[in-house]
Structure formats: structure tokens, C-alpha cells
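Dear colleague,

I am passing on the structure below, and I would be glad if you could read it alongside the notes that come after it.

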Amino acid sequence: MSEAAPLLQVDGLRKYFPVRGGLFRRVVAQVRAVDDVTLQLRRGQTFGLVGESGCGKSTLGRSIIRLQEPTGGRVLLDGTDITRLGRQALLPYRRRMQMIFQDPYASLSPRRTVAQTLREPLDIHQIGTPKEREHQVSQLLDVVGMSARVLNRYPHEFSGGQRQRIGIARALSLKPDLIVADEPVSALDVSVQSQILNLIADLQREHGIAFLFIAHDLAVIQHVSDVVGVMYLGKLVEVADATALYSSPKHPYTRALMSAIPQPEPGSGRQRIMLEGDVPSPMNPPSGCPFHTRCPDAMAKCAELTPQFTNLGSERSPHAVSCHLYGHDS
Ligand code: SF4
């Protein structure tokens with residue numbers, strides 16, 4: 001693979017959940033949780049995925065690493081299409097893709113000590129000798145800023161922040177190339193959030209790990225991301241370099257989200273854009289642009305024509321927006 005090739009390439013990924021009904025439990029509808037998503041992630045880069053809850057960002061993260069089976073589209077890791085690999089063939093790729101969960105308490109077994117939790121992936125993948133595994137477990141704790149003295153303790157003996165550190169150590173145990181972090185700080189106290197975010201930023205820098213960082217909080221996403229993708233109703237609507245997106249959001253939905261970020265000085269902020277109505281059901285998404293039922297800038301054609309992506313940036317630093325305000329046909 002060439003240096004320029006992305007670590008992760010996602011092409012037209014879809015994840016639909018069937019809705020069954022009637023006497024024979026036939027499929028009567030599909031929930032389009034992820035609908036035709038394309039994105040790229042380079043080695044050591046952090047892609048921040050943001051959107052309201054229920055927009056499909058967690059399902060997208062899980063489908064990429066095949067914790068959930070995609071309905072369609074492709075996921076390429078280092079150029080290999082992993083979407084249709086069987087269990088055995090997937091194993092070496094699974095090792096390279098790990099996940100950090102929102103609720104570290106729910107994702108750690110209450111009956112396993114820290115040592116057992118961290119050793120498990122090393123045992124499954126038979127990494128090194130038993131002695132080497134023991135040493136590696138202590139090293140992992142060191143990397144996440146914890147002492148080896150806690151090795152024989154259980155999850156309930158730790159605070160939320162410490163549990164998340166253990167979850168991160170577990171994700172690091174197989175030296176992954178890609179980590180999907182699904183709302184990793186939203187269950188933590190604000191005072192602990194920045195410690196965990198800084199730890200993630202250090203790991204990205206020192207170990208060259210790529211992150212798909214999922215969050216609903218725009219300030220959190222800004223803190224860690226190189227590139228940001230905004231998701232609405234299962235689709236990406238804007239993708240750009242973090243600096244460009246935060247300084248000059250283009251899509252009306254992104255602008256509405258940005259307008260809700262509290263400003264440090266009262267009066268210095270942009271005007272808040274209030275969105276009318278609820279997010280439509282992903283079982284029956286609106287025709288044309290999925291945002292047209294709530295968009296303050298909607299035009300007649302928005303209900304009929306699905307907007308394509310337009311690049312408002314450069315080839316080197318794309319700023320892709322899916323909106324008729326910027327399309328060539330507008
Ligand atoms: Fe709004 Fe139309 Fe743009 Fe959709 S395509 S975001 S409805 S202006």
C-alpha cells in the first residue's frame with residue numbers, strides 16, 4: 001500500500017434494521033440507521049463524528065468494525081475489504097480494530113479483576129509467553145496512568161474515570177491501528193472528562209492510533225478531532241477539517257448545532273438557530289434532502305432532489321457539504 005492510502009475507507013455503508021409485523025412476522029419496514037455513508041481515515045488521524053442522539057453514529061461505528069453486520073457498502077482496512085470476510089479470516093483484522101464504550105462499568109465484567117480483564121485479549125490472540133503477557137498487562141496500566149497495584153481489584157472499586165482508563169487499556173492491549181470510541185466521556189463528570197480526552201490525544205500522538213471518535217458534544221469533538229463529520233438521520237451532511245468546520249460551518253444543520261455552543265463571553269456569540277420540529281423517523285425518512293422538514297433555508301426543490309456532496313475546500317483539504325445551497329444545480 002502507498003503511504004497516501006487511507007487506513008480506513010468506508011464506501012456507501014448502509015445498516016438497515018428490519019421491522020417485523022403481522023401474524024407471520026414479515027418484514028414490513030426498514031429502519032435506515034446508516035444510509036450510504038462514505039468516509040476516510042488516515043493512520044494516526046482522529047475523525048470526530050457528531051450529531052444528535054439517534055442519528056446513527058454509534059451504529060456506524062459498530063458497523064465499521066463489524067460488531068454489527070452492515071447491510072450494504074464496503075469497509076476497507078489497509079485496502080482489504082473486510083465487509084464480507086468470514087469469522088476466521090476476519091480475526092487478524094478484528095485485532096487491529098478496537099472499541100472504547102460509553103459506559104465502562106457495563107463493558108467491564110464485574111467478576112473479573114483488572115489483571116484478568118487486560119489479559120483476556122492477549123490470551124485469546126496468544127500474544128507472547130504467559131510471563132510476557134503479565135508484563136504487558138502492567139505496562140498497559142502504566143500507559144493509561146494507573147499503578148500496577150490495582151491489578152487484583154474489581155471494577156466496582158474504581159471511579160468512573162478510572163474505569164474508563166481500564167477500558168482504554170483493554171482497547172490498547174492488542175496494539176490496534178484503529179479505535180472506535182463511542183461517547184467515551186459522556187458518562188463521566190466534567191472534571192474527569194478533560195483528563196480522559198487528554199489521555200486519548202496523547203495515545204493518538206505517541207502510538208499513531210487512528211480514532212473514530214463519536215460524540216454528541218461539539219466541544220468534546222473539537223478538542224480531539226482532525227476531521228469532523230456531521231451526521232443527520234443516518235447520513236453524513238458535512239465533512240471538513242476541524243478548524244474549517246468550526247470556523248465556517250456551511251450546512252444549515254451544522255450551523256444550527258454550532259449556534260448552540262455556549263460562548264465564553266456573553267454577547268460575543270453567534271445567534272442561536274432554533275430548529276423546529278422533531279427529527280423524523282429513520283423508518284420513513286423525508287424525500288429529497290433529509291433535513292428539509294426542519295431546515296430554515298429549505299427551498300422547493302429540497303423536498304424533491306437529494307443533494308450531492310460539493311467540495312467547498314481544496315483537493316488537499318476538502319470541505320464536503322451535501323446541500324442545494326452550494327450544489328452546482330442551485
Ligand atoms: Fe436545507 Fe435544502 Fe440544504 Fe437540505 S438541501 S440543508 S433543506 S437548504
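This is a predicted model: local features need pLDDT of at least 70, side-chain atom pairs count only at pLDDT 80 or more; totals for chains, interfaces and linings use all residues.

Residues are numbered from 1 along each chain as its sequence is written, and side-chain values use heavy atoms, with hydrogens and water left out.

**Overall fold**

The protein chain has 10 helices and 12 strands, where helices (H or I, at least four residues) and strands (E, at least two) are DSSP runs numbered from the N terminus. Its radius of gyration is 21 Å, close to the 20 Å that the globule rule gives for 330 residues, so the chain is as compact as a globular protein of that length; the radius is taken over C-alpha atoms, and the rule is 2.2 Å times the number of residues to the power 0.38. Along the principal axes, the C-alpha trace of the protein chain spans about 70 × 60 × 50 Å. Of the 330 residues in the protein chain, 48% are buried, a term that stands for under 20% relative accessible area, with exposed for over 50% and partly exposed for values in between (1.4 Å probe, protein chains only).

**Nonpolar cores**

The largest nonpolar core holds 56 residues, and those with the most contacts inside it are Leu118, Ile168, Leu172, Phe213 and Tyr246. Helix H7 (residues 190–207) gives the most to this core, with six residues. Apart from it lies another core, of 31 residues, among them Leu13, Cys55, Ile64 and Leu77. A core here is a set of buried Ala, Val, Leu, Ile, Met, Phe, Trp, Tyr and Cys residues joined through side-chain atoms within 4.5 Å.

**Ligand site**

The ligand sits in the largest cavity: a cavity is a set of points, on a 1 Å grid over the protein atoms alone, where a 1.4 Å probe fits but cannot get out, and a molecule sits in it if more than half of its atoms lie within 2 Å of its grid points.

**Single residues**

Most residues other than glycine have a negative phi. Arginine 25, however, has a positive phi near 50°; arginine 25 is in the loop between strand S1 (8–21) and strand S2 (26–41) and is exposed, at 52% relative accessibility. Glutamate 183 also has a positive phi, of about 50°, but glutamate 183, in the loop between strand S7 (178–182) and H7, is buried at 9% relative accessibility.

In helix H6 (residues 160–172) lies isoleucine 166, which is buried with a relative accessible area of 2%; isoleucine 166 and leucine 118 are 48 residues apart in sequence and 8.0 Å apart in space, C-alpha to C-alpha. Glycine 54, in the loop between strand S3 (46–50) and helix H1 (57–64), is exposed with a relative accessible area of 68%.

With best regards

Definitions and conventions: On a 1 Å grid over the protein atoms alone, a cavity is a set of points where a 1.4 Å probe fits but cannot get out, and a pocket is an open set with protein on both sides within 12 Å along at least five of seven lines; lining residues have an atom within 4 Å of a point.
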